[in-house]
Amino acid sequence: MRDIINLNQGWKFIREDAGLPASLPELWQDVDLPHTWNAVDGMDGSGGYYRGRCWYARAFRTPRQPLPGGRVYVEVQAAGQQATVYVNGKKAVYHEGGYSVFRADVTDLCAGEGENLLVVACDNREKSSVYPQSADFTFYGGLYRGVNLISVPQTHFDLDYFGGPGLKVTPVPCDDREGARFELESWVVNPDENFTVMYIIQDRDGREVASAVRPADSAKAAVAVPGARRWNIHDPYLYTVTAVLQRRNEACDQVSVQVGVRDFSCHPQEGFVINGVKTPLRGVSRHQDKLYQGNALTRADHFEDARIIKELGANTIRLAHYQHSQDFYDACDQMGFVVWAEIPFISVFNKDPAAHDNCVSQLKELIIQNYNHPSICFWGISNEILIGGISDQLVENHRELNKLAHELDSTRLTTIAHVSMTPADGPMHQVTDVESYNHYFGWYGGKMADNGPWLDRYHAEHPDRCLGVSEYGCEGIVTYHGPSPACKDYSEEYQALYHEHMAKVLDERPWIWSSHVWNMFDFGCAARNEGGVAGRNNKGLVTIDRKTKKDSYYIYKAYWSEEPMVHVCGRRYAQRAGDATEIRVYSNQPEVELSVNGKRAGRQAGDKVFVFNVALEPGFNMVTAKAGAAEDSVTLEKVEQEPAVYVLPEVKDRAEGVANWFKLAGSLDLEAPMEFPEGKYSVRDRLEELAESPEALEIVSEAVKLATNFNLAPGVGMWSMMKAMTPEGMMAMAGDTMPKGFLESLNSKLIKIDKLNG
């Protein structure tokens, strides 16, 4: 029978390219898996993180099968970003792609029944043939999900096909909704007429509800399950399907998967429908890292993340921007989330044909390894890929990926996440079954009030398209507070106001098939340095250590959770000046009563957001909100002057910087048409072209800092993502957050500079 041996303990590791060892290196560091060498520098704001080739080594004994001909596989559950596996000094497999399972048959490399040396070289350096090329998150290196040894008899369920389980189950609901047909298929290596496959279907309680037996060399079957119970968001009912490989009267191999019976669809006017019920998908995006663990998460970590999201009341998760752990897909199956799963075809398109081949390979791995998970309803084929521009080749590659997804899986829908500036009438539309936009109106550009009108206009102009919002959000750093929150002040209060608005916008538009907050948790991005917190993207509703749920978390709980709740905002805005202060309360109850120091301060009827203005007494004040049986309280101190740390100094500097910019522009007519003289730089040149001139780059860097708060420097930070953009395109994204004339003044400076290449 199959024997799965966990190899996560007792590894030796070295964080340098030490080369292939001939024996187990005693002087290397002792580590256990999961492990990444970027657990700290991938998010600590040190200005960079180690990207190179590092080595892992471990001894193992060859497993013994009772009959001759057995096979031994090494299974790597993921290795960032490229990996080579060696056994006893000989190469077993090389794999490109940092997020999927891969295996190698190492039988012939093993030393009989003796001890063997397993070595894995992981490499997270940039490689032109491997996606992601560039993106707004840390590319962690290491064996961050674990390694198994799998011993199987000579005849066994296939382990070689793109890391899949060797068993494919497609539950098809009957039209009368009274049962289901389970379409079963498995693949057996080295079968003969003596082998059969027995399929057993069990319900949630372990009772057998159906079975079938097929010859091992053609092991397809269709089995009726009368009265099959549906998998849905509120009742994620799972069946267990086991395939047993039998040789006459003995079982030789066995695999099991959990599956769910459900049907779903998307409609431009009705949104998402599951099991015949209209169900707008409202949820979050999630990255797979945690404070000073990097992406080396345990199964318990994955389930805890899912539990926090479930507490929020979300019903969907977008798993960005790559294949996640089987542990997290299991959690989504069990907790009832609808999942958007995607490949890391993101931000920057590489014309290298090998890069497209890598997209194809990663899509095959994603679908084949995860086909049986009922939580997954959507395969995502790219994210914000037009940041680097568009081409016929890019569009054609998308069409090929979409076709491949449907060939591999006819039961699910395909989707795409457009960057905000994607033209509404361009060729990237209707490539996939449904589509979404990443919009940050109210943070990177425009006003938060622009979101609703944009969605309504797009929906009216393209009524045949299923439209979603795949990303939206803003930074919220729990240090920053104030009575007058504003865009780009990084305060917890502005983030909460932004999400108050967005939650209402989305709630009023059920035809939006899905929406996903960016992001559920703060996450590592070594290239970032903004808001006084380097090395992180701080748009999470929860901090990267999972210790603090920001106020913005609770506005969604008020909208999405059925559990009675009330939350008083501003508990970290604990010291307040002035005669009166605003108290914001979130609740899913129809009425809230507020008291200060035990005295009633007001009662309001409302919907989700309740705002009170109260006077605080000198010293400490206890503020309590009650809504039905739910209650919450905070303690606030009235002070003469609020702490200086509550305001990011950069906020004031940025406002002054815009004013100084116009002073430097002199008496220019900022409303005059822009000119683009030949041989001169302009706002229509790509950043990488402008970088050829130190003078032009300095001017543009200052403008970009003022408009987006990004530090711009070749080869540093977000440069690889931004270098193909033009200042004109970036300012278009910024919308009216910059004053009228800003782009014209920038162009007027650039057209005075001669292009170095003529």
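Colleague: Which residues of α4 are buried?

Modeller: The model is a predicted one, and buried here means under 20% relative accessible area. Helix α4 covers residues 392-408. In general, an α-helix has 3.6 residues a turn, so residues three or four places apart point the same way. The buried residues of α4 are L394, V395, N397, H398, L401, N402, L404, A405 and L408.

Colleague: Against which elements do the buried residues of α4 pack?

Modeller: Packing is judged here by heavy atoms within 4.5 Å. By that criterion, the partners of the buried residues of α4 include a helix, α3 (353-370). The strands they pack against are β12 (167-173), β26 (376-383) and β27 (413-418).

Colleague: What is the distance between the end C-alpha atoms of α3?

Modeller: Helix α3 has 18 residues, and at 1.5 Å a residue these should span 26 Å. The model agrees with that expectation, because the end C-alpha atoms of α3 are apart by 26 Å.

Colleague: At what angle do the axes of α1 and α2 cross?

Modeller: Two packed helices are described by the angle between their axes and the distance between the axes. For α1 (residues 299-312) and α2 (residues 326-335), the axes come within 9 Å. Their crossing is right-handed. The angle is roughly 35°.

Colleague: How many residues in the contact of α1 with α2 are charged?

Modeller: On the α1 side the contact is made by R299, H302, F303, D305, A306, R307, I309 and K310. On the α2 side it is made by D327, F328, D330, A331, Q334 and M335. The residues of this contact divide into six nonpolar, two polar and, as charged, six.

Colleague: What is the bridge partner of N6 in β10?

Modeller: An open sheet of four strands has the order β1-β10-β5-β8, with β1 (3-6) and β8 (102-105) as its edge strands. Four bridges join β1 to β10 (residues 147-152), and the two strands run antiparallel. The partner of N6 in β10 is N148.

Colleague: Which residue in the turn between β18 and β19 has a positive phi?

Modeller: Strands β18 (residues 239-247) and β19 (residues 250-259) run antiparallel and are joined by nine bridges, with V241 opposite V257. They form a hairpin with two residues between the strands. The residue with a positive phi, of about 55°, is R248.

Colleague: Which residue takes a positive phi in the hairpin of β15 and β16?

Modeller: Seven bridges join β15 (residues 195-202) to the antiparallel strand β16 (residues 208-215), and V197 stands opposite R214. This hairpin has five residues between its strands. The residue with a positive phi, near 85°, is G206.

Terms used:
Residues are numbered from 1 along each chain as its sequence is written. This is a predicted model: local features need pLDDT of at least 70, side-chain atom pairs count only at pLDDT 80 or more; totals for chains, interfaces and linings use all residues. Side-chain values use heavy atoms; hydrogens and water are left out. Axes are lines fitted to C-alpha atoms, for helices over the stretch in contact, and angles run from 0 to 180 degrees between N-to-C directions. A crossing is left-handed if the near helix is turned anticlockwise from the far one by less than a right angle, and right-handed if clockwise. Ala, Val, Leu, Ile, Met, Phe, Trp, Tyr, Cys and Pro count as nonpolar, Asp, Glu, Lys and Arg as charged, and the others, Gly among them, as polar. Two strands pair if DSSP finds at least two bridges between them. The expected span of a helix is 1.5 Å times one less than its number of residues. Buried means under 20% relative accessible area, exposed over 50%, partly exposed in between (1.4 Å probe, protein chains only).
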